Amino acid sequence: MKQLSLNKNKIHFLLLEGVHKNAIDVLTSNGYTNIEYLRTGLEEDALIEKIRDVHFVGIRSRTQITERVLQAANKLNAIGCFCIGTNQVNLRAAMVKGIPVFNAPYSNTRSVAELVLAEAILLLRGIPEKNALVHRGGWTKSAEGSFEARGKTLGIVGYGNIGSQLSVLAESLGMHVIYYDVITKLPMGNAKQIGTLDELLAQADAVSLHVPDIASTREMMGDQQFEKMKSGSVFINAARGTCVDIGALAAALESKHIVGAAIDVFPKEPKANDEEFTSALRKFDNVILTPHIGGSTLEAQANIGLEVAEKFTRYSDTGSTLSAVNFPEVAVPLLAGKHRLLHIHKNIPGVLSAINRIFAENAINISAQSLMTNDAIGYLVMDVDADYSTVALQTLQEIDGTIRARVLY
């Protein structure tokens, strides 16, 4: 356990996968200068070796932070996912080790929504197949199989941040929007919530997935679901690669039941840009295949860099865990002339009462205190008089169930 906070210039940040460099600007403007920046991800063994001396690590979607990596990360304070998803991190293992994980759940919603809408228009017009044919010297000038988006029905599966924004954009084009979500959601504009996935599939001219990677969504689109889609409809997935049975989609395309698809995410993706991408969908001219770039616009990446880096600095400077995806959320206003202590512990009965009792016995005055718990851990932020911070830290470290404790400033 750390006895005192490190000087800011000794706090080691490791930023991987070429996250937007405005993240560096945010960190340096807040006094952090020990920043290692790599344009590539790291495989598990290399990451284990690198992470031993790292206090904050930032990744995108390619780098995997496994339990084995976390076992080696004895100095790690926090993980930042510079993207929406966090399934590349073992969230539970990070949590029980006292490491919060931050992400950027809103910063690239517009980029994904715009791509999906553009793909829906292209697919309804049959552009991918026509484009491929012209590239090979063909010339089929015809309106057959080509439709306007106006008046068509877009079915959105998952009405969260991206799904709802896509809904607004699609309505502005004159599309009818229906959506299915496991939770009742207030519609945007004139969108209509549908009771079951099967009902949505049967009505929609274009179906777009916007769901997380959880047990209930894995291969949620299989043979039966594609069969229930409206004949002549198109399918888009810019959510998670695990949500679609690629073989089933290929069969639906072969049979012409589905006339086009756009896929941005895949069950298995290349680990590097020079690795060959393989998929049963490569042979179809009427399928748009993109390399997981739904949120990869300069605007989105800049916003993500800003958002996650600011969460890093807030946690490092104040102990705030607001918006952490795997951690109790605590934020306490700063008090002048006080020292702040952070205490992460197993969620077992009696921890807070033990702390307060021992503090009282040592005549340590608590100026501010906030505790939040989840099923596994508790996170306590305390402000005490500066003269007593060393004694207070020693006291916290002796409490049964302590995972880590440190003086923040």
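Tutor: Start with a definition: helices (H or I, at least four residues) and strands (E, at least two) are DSSP runs, numbered from the N terminus. This is a predicted model, where local features need pLDDT of at least 70 and side-chain atom pairs count only at pLDDT 80 or more, while totals for chains, interfaces and linings use all residues. Residues are numbered from 1 along each chain as its sequence is written, and side-chain values use heavy atoms, with hydrogens and water left out.

Student: OK. How many helices and strands does the protein chain have?

Tutor: The protein chain has 13 helices and 16 strands. Its C-alpha trace spans about 85 × 45 × 35 Å along the principal axes.

Student: And what percentage of the residues is buried?

Tutor: Of the 409 residues in the protein chain, 49% are buried. Buried means under 20% relative accessible area, exposed over 50%, and partly exposed in between (1.4 Å probe, protein chains only).

Student: New topic. What is the strand order in the open sheet of 7 strands?

Tutor: The order is S8-S7-S6-S9-S10-S11-S12, with parallel pairing. Two strands pair if DSSP finds at least two bridges between them.

Student: Which strands stand at the edges?

Tutor: Strand S8 (192–193) and strand S12 (287–289) do; each has a single partner strand, so one side of each is left without a neighbour in the sheet.

Student: Which helices pack on the sheet?

Tutor: Helix H5 (residues 109–125) is one of them, touching S9, strand S10 (233–237), strand S11 (258–263) and S12. Helix H7 (residues 161–172) also packs there, touching S6, strand S7 (176–180) and S9. The direction of H5 makes about 155° with that of S10, and the direction of H7 makes about 175° with that of S6. Contact means heavy atoms within 4.5 Å. Axes are lines fitted to C-alpha atoms, for helices over the stretch in contact, and angles run from 0 to 180 degrees between N-to-C directions.

Student: Back to the strands. How many bridges join S6 to S9?

Tutor: Strand S6 (residues 153–157) and strand S9 (residues 206–209) run parallel and are joined by 4 bridges. Leu154 has Ala206 in S9 as its bridge partner. S9 also pairs with S10 in the parallel sense, over 4 bridges, and there Leu209 is partnered with Asn237.

Student: Why is S10 called largely enclosed?

Tutor: Because 5 of the 5 residues of S10 are buried, the strand is largely enclosed by the rest of the structure.

Student: Which of the S10 residues point which way?

Tutor: Ser233, Phe235 and Asn237 point one way, and Val234 and Ile236 the other way. In a regular strand the side chains alternate between the two faces of the sheet.
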